[in-house]
Amino acid sequence: MLASALAAFPGTFISGFLQVISLLGLLLLLYKAVQYYLHRQWLLKCLQEFPSTPSHWLFGNHLKDQDLQQTLLWVEKFPSACSRWFWGNKAHAVIYDPDYMKVILGRSDPKPVHSYSFFAPWIGYGLLILEGKKWSQHRKMLTPAFHYDSLKPYVGIMVDSVHVMLDKWEQFIVHDCPLEIYQHISLMTLEIIMKCAFSYQGSVQLDENVRSYSEAVQELTERIYSRMRNAFHQSNIIYNLSSNGRSFYRACQVAHEYTDRMISMRKAQLQNEEELENVQKKRLLDFLDILLFAQTEDGKSLSDEDLRAEVDTFMFEGHDTTASGISWILYALATNPEHQQRCREEVQNVLGDGTSVTWNHLSQMPYTTMCIKEALRLYPPVPAIGRELSTPVTFPDGRSLPKGFLITLSLYGLHHNPRVWPNPEVFDPSRFAPDAARHKYAFLPFSGGRRNCIGKQFAMSELKVAVALTLLRFELLSDPTRVPVLKTRTVLKSKNGIYLCLKKLK
Ligand code: HEM
């Protein structure tokens with residue numbers, strides 16, 4: 001019947017069909033516009049008590065990669081918290097006050113599912129983005145890998161890797177002054193995490209193939225940053241078809257090839273009976289061995305997908321954050337030579353020429369530790385984290401937000417808040433003197449509460465080893481013609497690199 005109708009009136013049928021399609025399209029557009037409008041009205045109502053700088057109704061607070069500079073203005077102008085519009089119907093409340101942090105970190109709100117899911121094709125559902133029961137199981141399973149007794153022997157590995165980097169620096173500075181330090185430090189921290197957590201036995205810093213993994217990580221963090229700020233790239237379908245999406249997936253593949261190789265290498269080593277016996281005799285296992293020997297409640301091994309997610313998560317979290325931390329600490333010491341010299345004298349007293357460094361030495365450098373903390377305050381390696389309210393919240397000053405609202409906890413804003421830290425831009429290690437009083441939630445480079453950083457002690461040991469050994473070998477000088485411009489790419493980086501002049505000490 002349809003065929004005979006088509007044959008009789010083909011033109012009428014096609015135009016009727018097109019009319020129906022256009023009408024449906026129009027209705028869908030109208031529905032989306034109403035949905036957009038209503039959501040925007042809801043956000044405006046919720047954020048009434050959280051003022052901010054003017055924002056465009058469609059483009060929000062268009063910050064052009066000036067997030068941190070803008071945060072400083074907000075912190076100055078709007079006490080405790082403000083609102084931030086990404087575009088017309090996406091806004092967060094940004095908080096930077098210790099009492100506000102205490103409230104949020106004391107609850108168990110999940111991380112914002114939508115934006116953290118942008119990491120999932122790369123690092124999978126590992127500890128960083130898992131939620132609920134599976135998160136508690138994995139956290140419990142992995143906590144022993146970060147026990148003090150496990151960390152102690154890692155100091156030797158850290159020392160060796162730092163020496164390899166410093167040896168390279170000695171050769172580079174003959175030709176390259178100033179030297180861009182971030183890329184070298186990033187390779188060094190990658191080597192440390194691979195050796196400590198994944199029983200890797202080669203040299204990463206001298207291996208050219210590793211660069212591809214390192215470059216993939218840079219690309220992935222850039223892509224995720226721009227996706228979070230692009231209204232059109234929120235949908236997976238559109239993003240996957242875009243050229244940005246395709247580059248993102250190519251970089252994921254490079255990163256996965258690398259981590260897969262590491263897992264297979266360790267599995268192959270464990271086929272050797274002697275190695276297997278060694279591992280079984282150990283009271284505390286390396287991170288990867290914990291995962292390989294782990295059993296879920298029903299006695300099954302961890303699935304390949306879960307195993308890979310944890311390996312990808314720890315490879316990323318375990319090296320990019322510490323690379324940022326060490327680079328900015330060295331930069332802070334270069335720009336504050338009197339504190340640098342005081343640290344050097346302390347380190348020389350404790351370590352002599354640095355040939356033997358042990359776990360116990362690391363607690364005997366109080367002034368250096370104060371300087372490290374002050375640098376982590378000024379340059380927090382993770383500038384912001386997020387939460388999605390699972391129930392309404394009321395802050396101590398009476399302002400409240402409803403269930404479902406998205407919160408950015410700006411650690412950068414908190415650490416630069418003049419109501420919390422007088423003269424916040426001044427490098428003043430005495431803020432961390434043993435007798436200095438401060439709010440428990442005023443300094444949070446490793447976050448706080450139940451989702452705090454599992455690698456905090458590991459990271460602090462690594463920062464101390466790297467800083468101490470560098471100060472024993474070089475005097476650090478900043479280059480006033482190359483002042484780093486801060487940018488945030490999940491971790492804190494510099495748009496124009498971090499350049500230092502290094503002078504070999506006699
Ligand atoms: C200076 C170095 C480091 C800093 C500043 C840092 C900071 C942080 C912060 C702020 C969080 C909270 C993230 C959130 O709530 O979304 C976090 C979580 C985490 N960090 Fe670190 N981190 C550092 C080093 C490390 C290292 C060395 C490792 C591993 C060896 C690591 C592994 C993790 C993991 C797995 C989580 C997720 C924990 C969970 O949710 O249970 N981090 N880190």
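Reply: Let's start inside: the lining of the second largest cavity has two nonpolar, three polar and four charged residues. Here Ala, Val, Leu, Ile, Met, Phe, Trp, Tyr, Cys and Pro count as nonpolar, Asp, Glu, Lys and Arg as charged, and the others, Gly among them, as polar. Please keep in mind that this is a predicted model, where local features need pLDDT of at least 70, side-chain atom pairs count only at pLDDT 80 or more, and totals for chains, interfaces and linings use all residues. Residues are numbered from 1 along each chain as its sequence is written, and side-chain values use heavy atoms, with hydrogens and water left out.

Me: Which residues line the second largest cavity?

Reply: On a 1 Å grid over the protein atoms alone, a cavity is a set of points where a 1.4 Å probe fits but cannot get out, a pocket is an open set with protein on both sides within 12 Å along at least five of seven lines, and lining residues have an atom within 4 Å of a point. In this case the lining is made by Ile104, Leu105, Arg107, Ser108, Arg387, Gly448, Gly449, Arg450 and Arg451. The volume of this cavity is about 50 Å³, where a volume is the space filled by probe spheres set on grid points joined across faces, edges and corners. Searching the whole structure turns up four cavities of 30 Å³ or more.

Me: What volume does the largest pocket have, and which residues lie nearest its centre?

Reply: The volume comes to about 1,000 Å³. Of the 35 residues lining the largest pocket, Trp87, Asn89, Lys90, Ala231 and Gln234 lie nearest its centre. By class, its lining splits into 17 nonpolar, 11 polar and seven charged residues. At least two lining residues each come from α2 (10-46), β1 (81-87), β2 (90-95) and α5 (113-116); helices (H or I, at least four residues) and strands (E, at least two) are DSSP runs, numbered from the N terminus. The largest share belongs to α2, with seven residues.

Me: How much space lies in the second largest pocket?

Reply: About 730 Å³. Its lining has 31 residues, and Tyr148, Phe446, Lys456, Gln457 and Met460 lie nearest the centre. Two or more of the lining residues come from each of α19 (366-378) and α21, and α21 contributes the most, six. The lining of the second largest pocket holds 14 nonpolar, 11 polar and six charged residues.

Me: Which protein residue is the donor to the iron atom of the ligand?

Reply: Donors are N, O and S atoms within 2.8 Å of the metal (3.2 Å for Na, K and Ca), and sites may look incomplete because water is not among the atoms. The single protein donor here is Cys453, through SG at 2.3 Å. Cys453 sits in the loop between α20 (411-415) and α21 (456-473).

Me: In what order do the four strands form an open sheet?

Reply: Strands of a sheet pair through backbone hydrogen bonds, either parallel or antiparallel. Two strands count as paired if DSSP finds at least two bridges between them. The order here is β1-β2-β7-β4, with mixed pairing. Because β1 and β4 (384-388) each have a single partner strand at the edges, one side of each is left without a neighbour in the sheet. On average, neighbouring strands are turned by 30° against each other, direction ignored. β2 and β7 (406-410) run parallel, joined by three bridges, and Ile95 stands opposite Leu409 in β7. Helix α4 (98-105) packs on this sheet and touches β1, β2, β4 and β7, its direction making about 125° with that of β7. Contact means heavy atoms within 4.5 Å; axes are lines fitted to C-alpha atoms, for helices over the stretch in contact, with angles from 0 to 180 degrees between N-to-C directions.

Me: Which strands form the open sheet with antiparallel pairing?

Reply: Three strands do, in the order β3-β11-β8. β3 (179-180) and β8 (474-478) are the edge strands, each pairing on one side only. Two bridges link β3 to β11 (499-504), with Leu179 opposite Leu500. β8 and β11 pair over five bridges, and Phe474 stands opposite Lys504 in β11. α21 lies across β8 and β11, at about 95° to β8.
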